[in-house]
Amino acid sequence: MNSGRFITLEGGEGVGKTTCLEAVAERIRAWGREVVVTREPGGTQLGEGLRALLLHGEHVCVEAELLMMFAARVQHVREVIWPALARGCWVVSDRFTDSSYAYQGGGRGVPAANLRFLEQFLPGALQPDLTLLLDAPVEVGRARALARGGTDRFESEALVFQERVRDAYLERAAAFPERIVVIDASGPAGAVRCHLLAALEQRCASWL
Ligand code: TYD
C-alpha cells in the first residue's frame, strides 16, 4: 500500500518558492501519486483569515503573531494535511513550522523553547518527511521580492531581520540533515528547479 508523504518548501523572501512548489507537485503527480498543494499561513478558511491579518494587519505584537501562526497551523493540520495523508495523498506545503523557527525565532527573537512548546499542539506533533530549503543571499531575494511589487509586513522588514531568518533556517538544516535539504537558489530559475527536482528524486526514491 502507498502511504502519503508530507513535503514542505521553505526559504526567505524572494527565493522563488512559489514557482518551485508547482514543479514539485508536477513531478510527484508524474510518479502517479495524488498531491494536495497548500500553504501557510493559510490553507483553510480560518487560516486564510489569519493570513490577511498576519501579512497586512497593523500593530500585531510578536506574541500575537506567533500564536496566530500556530492557530492557523493547527487548523491546517486537522482540516487538510492529516486527512490528506490518511487518504494516501502526498501533501506539498509552501511553508510549515520551520518558518516559525526562522521568522518568529530567528527574526523576532522568540525563544526556541516556546516554539517547541507550541509544536506539541500539532496533531501527532506532525513533522514533514522532507523539507526543501531554498537558500540565497538576502540581497538577491530582496531584489526579486521588490521587483515583484507590493510588500507585506515580513517583506518590508530590514535586511538584518532577513539575515537572522536565513541564519536560523541554515541552523535548522544543520540540526536536521536527514529531513532538510538546502538548495542553492541564487542562480537562474532553471538551474534552481533542476537542483530542486534532483534532490526531490533522490530523497523520495525509497518511498516510491
Ligand atoms: P508569503 O506571501 O507566503 O511569503 P513568500 O512569498 O515569501 O513565501 O507570506 C508568508 C509570510 O509569512 C512570509 O513572509 C513568512 C511569514 N511566516 C512567518 O513569519 N511564520 C510562519 O510560521 C509562516 C508559516 C510564515
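Student: What should I know about the model and its numbering before I start?
Tutor: The model is predicted, so local features need pLDDT of at least 70 and side-chain atom pairs count only at pLDDT 80 or more, while totals for chains, interfaces and linings use all residues. Residues are numbered from 1 along each chain as its sequence is written, and side-chain values use heavy atoms, with hydrogens and water left out.

Student: How many helices and strands does the protein have?
Tutor: There are 8 helices and 5 strands, where helices (H or I, at least four residues) and strands (E, at least two) are DSSP runs numbered from the N terminus. In order from the N terminus they run β-α-β-α-α-β-α-α-β-α-α-β-α.

Student: And what share of the residues is buried?
Tutor: Buried residues, meaning those under 20% relative accessible area with a 1.4 Å probe and protein chains only, make up 50% of the 208 residues.

Student: Which residues have the most contacts inside the largest nonpolar core?
Tutor: They are Leu132, Leu134 and Leu200, in a core of 25 residues. A nonpolar core is a set of buried Ala, Val, Leu, Ile, Met, Phe, Trp, Tyr and Cys residues joined through side-chain atoms within 4.5 Å. Strand 1, helix 1, strand 3 (90-94), strand 4 (130-135), strand 5 (180-184) and helix 8 (189-204) each supply at least two residues of this core. A second, separate core has 16 residues, including Leu55, Leu133, Val165 and Ala168.

Student: What does Leu132 touch?
Tutor: Counting heavy atoms within 4.5 Å as contact, and leaving aside neighbours within four places in sequence, Leu132 meets residues that include Ile7, Leu9, Val24, Val181, Ile183 and Leu200.

Student: Switching to helix 4, how many of its residues are buried?
Tutor: Helix 4 (residues 97-107) is mostly covered, with 11 of its 11 residues buried. The cover includes strand 1, helix 3 (62-86), helix 5 (112-119), strand 4, helix 7 (159-175) and strand 5. Just after helix 4, Gly109 takes a positive phi of about 85 degrees.

Student: Where does Gly12 sit?
Tutor: Gly12 is in the loop between strand 1 (6-11) and helix 1 (17-30). Not counting residues up to four places away in sequence, Gly12 touches Arg95, Tyr103, Leu134 and Tyr169.

Student: How far is Gly12 from Ala102?
Tutor: Gly12 and Ala102 are 90 residues apart in sequence, and their C-alpha atoms lie 8.6 Å apart in space.
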